[in-house]
Amino acid sequence: QWDFGTIQTVDPWGTEWGRRFRGGLRRWNMTVQWWLAAYVHRRAPRNYPLLRNACTMLASAYWHGLHGGQHLAFLSVPLWLAAEAAAEGALGRYFGEPLERLRGRRGALLRGAQWFLKMRAFEYLSMGFVLRGARDTLRFWASVHFCLHLLPL
């Protein structure tokens, strides 16, 4: 059976309003995401999640074309994925429960901050797609002092 879910490529609500970086990626270009997960990500070494994500993003960069800025953006994604996982783990240990279950103003503020950072990271990394060239992308990132590369580090 074929239905709209088979060909749906973007979930705009999930991409824009989901709080997690990983979730935003999964809801954008969903058919390609499925293919990358099935044929690249799951075949990469499980013991090395950073390498696994880098392999997946390299395949995605190649899929999108041979533009240096796009490759730089895609290869920056594993840094954000690792930082998000580390931050969520640290906050979960600190508060004694996962961020999504943390109640009250503190939970709302932390989840809101996570969404805000995700959106800024998407904007920052999208410059690789807008400018396309590696030199132009690096020049832009340098003009803002590589702030959204340093932050996840």
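Me: Where does Trp34 lie?
Reply: Trp34 lies in helix 4. Keep in mind that this is a predicted model.

Me: Is Trp34 buried or exposed?
Reply: Exposed means over 50% relative accessible area. Trp34 has 52% relative accessibility, so it counts as exposed.

Me: Which residues form the nonpolar patch on the surface?
Reply: A patch takes in residues with over 30% relative accessible area. Here the patch is made up of Trp34, Trp35, Tyr39 and Trp63. Together they have about 470 Å² of accessible area.

Me: Which helix gives the largest share of the nonpolar patch?
Reply: Helix 4, residues 30–39, with three residues.

Me: Now Asn53. Is Asn53 buried or exposed?
Reply: The cut-off for buried is under 20%. Asn53 is at 9% relative accessibility, so it counts as buried. This residue lies in helix 5, residues 49–64.

Me: What does Asn53 touch, not counting residues up to four places away in sequence?
Reply: Asn53 touches Arg22, His41, Pro78 and Leu81.

Me: Which residues are in contact with Leu110, leaving aside neighbours within four places in sequence?
Reply: Leu91, Phe95, Leu99 and Leu102.

Me: How many Å apart in space are Leu110 and Ala121?
Reply: Their C-alpha atoms are 16 Å apart. In sequence, Leu110 and Ala121 are 11 residues apart.

Note on methods
Residues numbered from 1 in each chain as written. Predicted model: local features only at pLDDT ≥ 70, side-chain atom pairs only at ≥ 80, totals over all residues. Heavy atoms only, no water. Patch = residues over 30% accessible without salt bridge, like charges linked within 9 Å, V, L, I, M, F, W, Y side chains within 5 Å. Areas by Shrake-Rupley, 256 points an atom, 1.4 Å probe, with all protein chains shown as cover. Salt bridge = Lys/Arg side-chain N within 4 Å of Asp/Glu carboxyl O. Helix = DSSP H or I, 4+ residues; strand = E, 2+ residues; numbered from the N terminus. Buried < 20%, exposed > 50% of the residue type's maximum accessible area, 1.4 Å probe, protein only. Contact = heavy atoms within 4.5 Å.
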